[in-house]
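Subject: Structure for you to look at

Hello,

Here is the structure we talked about, with the sequence. Please open it before reading on; my notes follow below.

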Amino acid sequence: MTTATTRRHERRISPVFLAILAVMAVTGWAVWTDFAASPGVAVFLFVTSAWVVSLCLHEYAHARTALHGGDITVGAKGYLTLNPLAYTHAWLSIILPVLFVIMGGIGLPGGAVFIEHGRIRGRWKHSLISAAGPLANVLFALVCTAPFWLGALDGVPLPFRFALAFLAFLQVTAALLNFLPVPGLDGYGVVEPWLSYKVKRQIAPYAPYGFFIVIALLFVPAINSAFFDAIDALMRALGVPEAARYCGSQLFRVWEGSPPEFCQAR
């Protein structure tokens, strides 16, 4: 196999990702047309598949930026195929974030691609590689909320509107959490290249636990309240009413029974 053929193979979109994308398209159509017997089931499948797609795009953004930064090994690792099964930590990158959405309705950031930072020269490149993932979530959120902040909601069925609102909420929470300058999260990866060697050595032992510390802190009432106040403010800035996000969450949580009556209005 020639080098050119190898490179094309390394960047070919994975059938696994295409299958997830197909599920998102079909269930999105079912939500839009009210084709499904249960709107909640369709919303659940649409939001879950779209969330997995966004996770793949998050990791792809890291890998693609690293490729242009000098790490040519990301292709051989399968990171450019958008295949979630190729990630270094599938549990942290896909399974755990999906479980958190199902159990708690929050967009949990994951950690997946292994970047060979020794191949990358320049602090700005290192920072951009870390920022690329959460920026993908920001872009996804902007796409989901475009009908809201563009005032283009006429003709958009309520269930689909609610699903977009909840999906955008997941993207915003994931982006905000990931941008925190905490070891183990992308926010720390953005600032880490600019820290002194001494500071980095002092922080390094705590890096494996930063992610779990952040999750634990979200259970502290005052911190939880401040975090979700910030999320609500961002959602309002994007033109998304709190009621739309709430109804999307209620439709998504189909196992809890029928959502409130005003969320079922046509």
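Read from one end of the sequence to the other, the protein has the pattern α-α-α-α-α-α-α-α-α-α-α. That comes to 11 helices and 0 strands. Please keep in mind that this is a predicted model.

The protein has 266 residues, and 47% of them count as buried. Among contacts with a separation of 6 or more, 72% are between residues 24 or more positions apart.

Helix packing

Helix α2 covers residues 15-33, and it packs against α3 at an angle of about 145°, with the two axes 8 Å apart. The crossing of α2 over α3 is left-handed. On the α2 side the contact involves Phe17, Ile20, Leu21, Val23, Met24, Thr27, Gly28, Ala30 and Val31, and on the α3 side Ala42, Val43, Leu45, Phe46, Ser49, Ala50, Val52, Val53 and Cys56. By type, these residues are 15 nonpolar, 3 polar and no charged.

The next pair is α3 (residues 39-69) with α5 (residues 123-149), whose axes are 8 Å apart and which pack at about 155°. The two helices are therefore roughly antiparallel to each other. Here α3 passes α5 in a right-handed crossing. From α3, the contact is made by Ala50, Val53, Ser54, Leu57, His58, Ala61, His62, Thr65, Ala66 and Gly69; from α5, by Lys125, Leu128, Ile129, Ser130, Ala132, Gly133, Pro134, Ala136, Asn137 and Phe140. This contact divides into 11 nonpolar, 8 polar and 1 charged. Ala50 and Val53 are listed in the contact of α3 with α5, and they are also listed in the contact of α2 with α3.

The last pair is α5 with α6, with axes that come within 8 Å and cross at roughly 155°. That angle makes α5 roughly antiparallel to α6. The crossing is left-handed. Residues of α5 in this contact are Pro134, Asn137, Val138, Phe140, Ala141, Cys144, Thr145, Pro147 and Phe148, and those of α6 are Arg161, Leu164, Ala165, Leu167, Ala168, Gln171, Val172, Ala174, Ala175 and Asn178. They divide into 14 nonpolar, 4 polar and 1 charged.

Gln171

Gln171 lies in helix α6, which covers residues 158-178. Is Gln171 buried or exposed? Gln171 has a relative accessible area of 0%, so it counts as buried. Its side chain makes a polar contact with the side chain of Asn137, at 2.9 Å. Beyond residues up to four places away in sequence, Gln171 touches Trp51, Ser54, Asn137, Phe140 and Ala141. Of these, Ser54 is listed for α3 in its contact with α5, and Asn137 and Phe140 for α5.

Arg245

Arg245 belongs to helix α11, residues 242-252. Its relative accessibility is 17%, and because the cut-off for buried is under 20%, Arg245 counts as buried. Leaving out neighbours within four places in sequence, Arg245 is in contact with Ala165, Phe166, Phe169, Asp232 and Met235. One of these, Ala165, is also among the α6 residues in the contact with α5.

Ile95 lies in α4, residues 90-104, and with 39% relative accessibility Ile95 counts as partly exposed. The C-alpha atom of Ile95 is 9.3 Å from that of Val52, a residue 43 places away along the chain.

Leu82 is in the loop between α3 and α4. What is the phi of Leu82? Leu82 has a positive phi of about 65°, although it is not a glycine. Most residues other than glycine have a negative phi. Leu82 is also buried, with a relative accessible area of 9%.

Regards

Technical notes: Residues are numbered from 1 along each chain as its sequence is written. This is a predicted model: local features need pLDDT of at least 70, side-chain atom pairs count only at pLDDT 80 or more; totals for chains, interfaces and linings use all residues. Side-chain values use heavy atoms; hydrogens and water are left out. Helices (H or I, at least four residues) and strands (E, at least two) are DSSP runs, numbered from the N terminus. Buried means under 20% relative accessible area, exposed over 50%, partly exposed in between (1.4 Å probe, protein chains only). A polar contact is a pair of N or O atoms within 3.5 Å; within protein, one must be able to donate a hydrogen and the other to accept it, and residues adjacent in sequence count only if both atoms are side-chain atoms. Contact means heavy atoms within 4.5 Å. Axes are lines fitted to C-alpha atoms, for helices over the stretch in contact, and angles run from 0 to 180 degrees between N-to-C directions. Angles under 35 degrees count as roughly parallel, over 145 as roughly antiparallel, 65 to 115 as roughly perpendicular and the rest as oblique. A crossing is left-handed if the near helix is turned anticlockwise from the far one by less than a right angle, and right-handed if clockwise. Ala, Val, Leu, Ile, Met, Phe, Trp, Tyr, Cys and Pro count as nonpolar, Asp, Glu, Lys and Arg as charged, and the others, Gly among them, as polar.
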